[in-house]
Amino acid sequence: MNPLDTTEFKKQGHMIIDFLADYYENISNYPVLSQVEPNYLKKLLPSFAPSNPEPIETILEDYQKHIIPGITHWQSPNYFAYFPSSGSTAGFLGEMLSTGLNVVGFNWISSPAATELENVVIDWLGEILNLPKSFLFKGGGGGVLLGTTCEGILGTLVVARDKILSKIGSENIGKLVVYGSDQTHCAVQKAAHIIGINPKNFRAIKTNKLNSFTLLPESLLSTIENDLKNGLVPCFLCVTVGTTSTTAIDPVRKLCNVAKDYGIWVHVDAAYAGSACICPEFRYLIDGVEDADSFSLNAHKWFLTNLDCCCLWLKDPNSLIKCLSTTNSDYLENSASDSKQVVDYKDWQVTLSRRFRALKVWFVLRSYGADNLRNFLRNHVEMAKTFEGLVKMDKRFEIVVPRKLALVCFRILPYGKKVANGKVPNGEAKLLNGKKLADGKVTNGEAKLISSEDVVANEINRKLLDSINGSGDVYMTHAMVEGVFVIRCAIGATLTEEMHVIKAWKVVQEHADVIIGLETVH
Ligand SMILES: Cc1ncc(COP(=O)(O)O)c(C=O)c1O
């Protein structure tokens, strides 16, 4: 056996590229959301691994027959779920080169180019985003390419924790408080839990529709003051630019202003919306980031960089290195590291081994150029405007929160007797407890009163979304905000064009016609 036989490598490699090219050409023919039942695969595959080799042709046949049906096609032009995971030829090729080299660049010496290219591209990206110089290597800060935002938040939270504990003593860890809003990504709560923050000390500060679900500085201030009164110690604030449910934009500058008076570490999580900030017209979304301590975005969401690639910048990388460095491992010692002239990225992250992610970012930036990337993102925003306009034209629907960027949050409203269809519990309001709403954002067991119309609307919208997704024609997902079930149409798949957006809206209307039994109001 020669697992790296170059003749076979070429032959099989070409086969796979051909296979993927055909896949992209025919991707619209697949149901976007996989329609398989749970545990479908183990019924189809043998219970034991093969003892003898099998030809690539057989493996690929099974891939097509058994694996593809269980795939939800994130690269489909009809994919509008969650946030996009936009891939590209450049992202793919960069990834392929990285996989081909298969180096493990945990420190500089283990592959100098892996580290140095990462230093270069993270600064390039920072420049394009117009990040303050203080976040760039050339300005005394620096950045790192991680797998996901969850890892970035975990790392920065550790720094925030250790900074405070160095002052008040590690025995006081139970007093530390982490702040976010009820729209903050669950990554923050999880990271807080992992690093030993008392779960009761995670503050999901309430937001409301009136303020477009943004975290209000006044609410942050009063929460902090209350915690101080109770002898607790503020530690970390996550400001979100582009929340997962509705793309709410927390006011970065004002929140930083509040936090700085209390020595709180501020991380700006712009996992989705950050990419848009390369466009001057959207850069205002992160105004004030110069006052934050760290900032991250996911290039694998909306920046044509194939999964995975979270870009994290810090003003003071040394604070991170101090917390995460592995100094007592003899086998990692080398003169380059000793010289302090190089970056050892193992000290910037939780894991030791790391992938050569910079290659794909380099490929994306060079293959497309910043101007094309800006236009690519703008195009998605324009398509979202088109979709939003179509929703507004149909009187049965409402836009639930004003559109920001390329996410449209909408729902069908139960109106007229036909919709109510005897199901409305006679105008009586219904109390839903936090648990029941937990798939959305109402947490902490907090009870919420929603109107009977909303109860009915939720039911109908849930049914509508199930019906749409069951068709396989498009895939959208939902969010719960203030107890209201919202359908999210997130435009950003690389292959999506206006015709797909228009078709998506037609699909929504057709399913609405069936579900609410009304003629479409065009
Ligand atoms: C605002 C925000 N933060 C964090 C995350 C988590 O990102 P990751 O999966 O890269 O950890 C997401 C994912 O959608 C997100 O939207």
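**Helix 5 across strands 1 and 7 in the predicted model.** Helix 5, residues 112-128, lies across strand 1 and strand 7. Relative to strand 1, helix 5 runs at about 105 degrees.

**The open sheet and its edges.** Seven strands make up an open sheet with mixed pairing, and their order is 1-7-6-5-4-2-3. Strand 1 (142-146) and strand 3 (202-205) stand at the edges; each has a single partner strand, so one side of each is left without a neighbour in the sheet. From one strand to the next, the twist averages 20 degrees.

**Pairing of strand 6 with strand 7.** Strand 6 (residues 294-298) and strand 7 (residues 310-314) run antiparallel and are joined by five bridges.

**The buried side of helix 9.** Helix 9 spans residues 252-260, and Val 252, Leu 255, Cys 256, Val 258 and Ala 259 in this helix are buried. These residues are on the same side of helix 9 because they cover an arc of only 160 degrees around the axis. An α-helix has 3.6 residues a turn, so residues three or four places apart point the same way. The cover over the buried residues of helix 9 includes helix 8 (217-229), strand 4 (233-240) and strand 5 (265-269).

**Residues around the ligand.** The ligand is surrounded by 15 residues, of which Thr 148, Thr 149, Cys 150, His 185 and Ala 271 are the closest. The shell consists of six nonpolar, eight polar and one charged residues.

Conventions:
Residues are numbered from 1 along each chain as its sequence is written. This is a predicted model: local features need pLDDT of at least 70, side-chain atom pairs count only at pLDDT 80 or more; totals for chains, interfaces and linings use all residues. A residue is buried if 20 or more other C-beta atoms lie within 10 Å of its own, exposed if 12 or fewer, and partly exposed in between; C-beta atoms are placed from the backbone. Helices (H or I, at least four residues) and strands (E, at least two) are DSSP runs, numbered from the N terminus. The arc is that of the directions from the helix axis to the C-beta atoms. Two residues are in contact if their C-beta atoms, placed from the backbone, lie within 7 Å. Two strands pair if DSSP finds at least two bridges between them. Axes are lines fitted to C-alpha atoms, for helices over the stretch in contact, and angles run from 0 to 180 degrees between N-to-C directions. A residue is near a molecule or strand if its C-beta atom, placed from the backbone, lies within 6 Å of it. Ala, Val, Leu, Ile, Met, Phe, Trp, Tyr, Cys and Pro count as nonpolar, Asp, Glu, Lys and Arg as charged, and the others, Gly among them, as polar.
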